[in-house]
Amino acid sequence: MIDPRLVLLLSAVLFSIGVAGVLLRRGAITILMCVELMLNAANLAFIAFARITGGTEAQIYVFFIMALAAAEAAAGLAIVIALFRLRDTTDVDEINLLRW
């Protein structure tokens, strides 16, 4: 059996990598992947807490986050594909459609 503290530590490391990726990378696809990494880290933390407490509430949150991640991936990839067709790039610095 794995110690839940180690799982929480792994979750924190994965979440930190995701935050660093969102803040430091410029590619839209990479940013989407880092958001997915952060959502999976949150899922891992919820599962660790569910293991510690023995309740089932955290598992409901995990299913909700999984649905949210699927919707985010579908909508995000659709937006990235539309932007790539319009601008021929996925660099978020060069995408300025909402500026005046």
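Author: With a relative accessibility of 5%, S11 counts as buried; the term buried means under 20% relative accessible area, exposed means over 50%, and partly exposed lies in between (1.4 Å probe, protein chains only). The model is predicted, so local features need pLDDT of at least 70 and side-chain atom pairs count only at pLDDT 80 or more, while totals for chains, interfaces and linings use all residues. Residues are numbered from 1 along each chain as its sequence is written, and side-chain values use heavy atoms, with hydrogens and water left out.

Reader: Where is the place of S11, and which residues does S11 touch?

Author: Helices (H or I, at least four residues) and strands (E, at least two) are DSSP runs, numbered from the N terminus. S11 belongs to helix α1, which covers residues 4-24. A contact means heavy atoms within 4.5 Å. Leaving aside residues up to four places away in sequence, S11 touches A41, A42, L44 and A45.

Reader: Does V13 count as buried, partly exposed or exposed?

Author: V13 is also placed in helix α1. At 41% relative accessibility, V13 counts as partly exposed. Between V13 and M33 there are 15 Å in space, C-alpha to C-alpha, and the two are 20 residues apart in sequence.

Reader: How many helices and strands does the secondary structure of the chain come to?

Author: The chain has three helices and zero strands, and its pattern along the sequence is α-α-α. Its radius of gyration, taken over C-alpha atoms, is 17 Å, well over the 13 Å that the globule rule gives for 100 residues, so the chain is more spread out than a compact globule. That rule is 2.2 Å times the number of residues to the power 0.38. Along its principal axes, the C-alpha trace spans about 50 × 25 × 25 Å.

Reader: What share of the residues in the chain is buried, and what share of the contacts joins residues 24 or more positions apart?

Author: Of the 100 residues in the chain, 26% are buried. Among contacts with a separation of 6 or more, 54% are between residues 24 or more positions apart.

Reader: How is the length of helix α2 to be read: what does it reach from its first C-alpha to its last?

Author: The expected span of a helix is 1.5 Å times one less than its number of residues. Helix α2, residues 28-53, has 26 residues and reaches 38 Å, close to the 38 Å expected at 1.5 Å a residue. After α2 comes G54, whose phi is positive, near 80°.

Reader: Which residues of α2 are buried, and what covers them?

Author: The buried residues of α2 include I31, L32, M38, L39, N43 and A45. Their cover includes α1 and α3, the latter being residues 57-87.

Reader: Which residues does N43 touch?

Author: N43 lies in helix α2 and, at 9% relative accessibility, counts as buried. Not counting residues up to four places away in sequence, N43 touches V62, I65 and M66.

Reader: What is the phi of D88, and does D88 count as buried or exposed?

Author: D88 has a positive phi of about 60° although it is not a glycine. D88 is placed in the segment after α3. With 60% relative accessibility, D88 counts as exposed.
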